Amino acid sequence: MTLKRTSQTELPPGYGEVKHVLLTDQKLLIRLNILAVIPLLAMIVWMAIWWGIASRGRDTGSDLGIPWWLAVIAILIIVLPMHELMHGITIKLLGYPVRYGANLSKGVLFATSDNSLFWRNQYLAIALAPFVGMTALAMIIMLFASHGISYYASIGAVLNAGGAIGDLWSVVIVIRYPAQVLIRDEAEGFRIYAAGAAGSTGSAAGSSIQNIEPTPPSP
Ligand SMILES: [Zn+2]
């Protein structure tokens with residue numbers, strides 16, 4: 001994957017909007033909450049497999065001795081900001097400014113880059129960074145930490161995977177567009193811009209939109 005280090009905010013000539021995704025749309029939110037079961041279950045399976053690999057020869061006696069519900073709250077307090085931090089670090093590494101925030105009414109944290117335009121592959125890297133990064137981190141912790149810590153690290157990876165459904169959904173949409181599209185993140189969603197979609201003067205522009213627009217996902 002080649003990632004260009006050009007931070008830009010203005011659309012190149014000829015680029016126009018081809019898709020607007022609002023992740024906080026009520027219908028989509030319900031759908032995403034149901035779909036979150038898929039990465040959640042997949043991560044439970046993967047963590048169970050990894051547990052078998054990582055726990056070989058580990059001392060099983062070291063339980064943390066805290067109630068499970070307290071552990072879950074603690075995990076969420078750690079996992080949620082770390083998830084956003086990984087989006088933010090990736091945005092920074094690509095050379096763009098980061099803004100962290102919280103939408104208290106919807107109970108979500110976010111990391112975004114105001115007005116920035118990302119190439120498709122950059123956007124994919126930003127979207128996938130927490131899913132891949134947090135999973136990798138949990139796997140490393142499980143290799144070296146005690147039984148109790150490892151257990152909670154695996155729970156953290158599972159909760160993070162479920163929470164990454166919005167990111168994974170974005171990836172599924174964005175990956176179907178060519179690498180030359182530009183994407184603007186809007187914290188609660190994103191817009192995709194493609195060459196040939198602006199101006200719409202003449203039939204040439206119209207036909208290139210046809211080439212860019214993928215078939216809509218089947219419900
Ligand atoms: Zn995310």
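In this predicted model, helix 2 and helix 5 pack with their axes 8 Å apart, at an angle of about 155°. An angle over 145 degrees counts as roughly antiparallel, and helix 2 is therefore roughly antiparallel to helix 5. The crossing of helix 2 past helix 5 is right-handed. On the helix 2 side, the contact is made by Pro39, Leu40, Ala42, Met43, Ile44, Met47, Trp51 and Ala54. Helix 5 answers with Ser150, Ser154, Ala157, Val158, Ala161 and Gly162. Sorted by class, the residues of this contact of helix 2 with helix 5 comprise 11 nonpolar, 3 polar and no charged.

Helix 5 (residues 147-163) also packs against helix 4, here at an angle of about 170° and with the axes 9 Å apart. These two helices, helix 4 and helix 5, are therefore roughly antiparallel to each other. Helix 4 brings Pro130, Phe131, Met134, Thr135, Ala138, Ile141 and Met142 to the contact. From helix 5 come Ile149, Ser150, Ala153, Ser154, Gly156, Ala157, Asn160 and Ala161. The contact of helix 4 with helix 5 has 10 nonpolar and 5 polar residues, and no charged ones.

The remaining pairing to consider here is that of helix 2 with helix 4. Their axes come within 9 Å and cross at roughly 30°, which makes helix 2 roughly parallel to helix 4. Helix 2 passes helix 4, too, in a right-handed crossing. Trp50, Trp51 and Ala54 in helix 2 meet Met139, Met142 and Leu143 in helix 4. By class, this contact of helix 2 with helix 4 has 6 nonpolar residues, with no polar and no charged ones.

Ile155 lies in helix 5 and has 20 other C-beta atoms within 10 Å, so it is buried. Although Ile155 and Met43 are 112 residues apart in sequence, their C-alpha atoms are 9.3 Å apart in space.

Stepping back to the whole chain, the protein has 7 helices and 6 strands. Along the sequence these follow the pattern β-α-α-α-β-β-β-α-α-α-β-β-α. Of the 219 residues of the protein, 29% count as buried. Among contacts with a separation of 6 or more, 75% involve residues 24 or more positions apart.

The largest nonpolar core contains 40 residues, of which Tyr123, Ala157, Val181, Ile183, Ile192 and Ala194 touch the most other members. Helix 4 (residues 120-144) gives the most to this core, with 9 residues.

Helix 6 (residues 165-174) has Ile165, Gly166, Asp167, Ser170 and Val174 as its buried residues. These buried residues of helix 6 pack against helix 1 (26-35), helix 2 (37-54), helix 4, helix 5, strand 5 and strand 6.

The loops bring some backbone details worth a look. Ala187 is found in the loop between strand 5 and strand 6, and has a positive phi of about 65° although it is not a glycine. With 17 C-beta neighbours inside 10 Å, Ala187 counts as partly exposed. Glu188 lies in that loop as well, between strand 5 (182-185) and strand 6 (189-195). Glu188 has 16 other C-beta atoms within 10 Å and is therefore partly exposed. Not counting residues up to four places away in sequence, Glu188 touches Leu22, Leu23 and Thr24. The C-alpha atoms of Glu188 and Thr112 are separated by 9.3 Å, while the two residues are 76 residues apart along the chain.

Asn115 is found in the loop between strand 3 (108-112) and strand 4 (117-119). Asn115 is not a glycine, yet has a positive phi of about 65°. With 13 C-beta neighbours inside 10 Å, Asn115 counts as partly exposed.

Conventions:
Residues numbered from 1 in each chain as written. Predicted model: local features only at pLDDT ≥ 70, side-chain atom pairs only at ≥ 80, totals over all residues. Core = buried A, V, L, I, M, F, W, Y, C linked by C-beta atoms within 7 Å. Buried ≥ 20, exposed ≤ 12 C-beta atoms within 10 Å, placed from the backbone. Helix = DSSP H or I, 4+ residues; strand = E, 2+ residues; numbered from the N terminus. Axes fitted to C-alpha atoms, helices over the stretch in contact; angles between N-to-C directions. Parallel < 35°, antiparallel > 145°, perpendicular 65-115°, else oblique. Contact = placed C-beta atoms within 7 Å. Nonpolar A, V, L, I, M, F, W, Y, C, P; charged D, E, K, R; others polar. Left-handed = near helix turned anticlockwise from the far one by under 90°.
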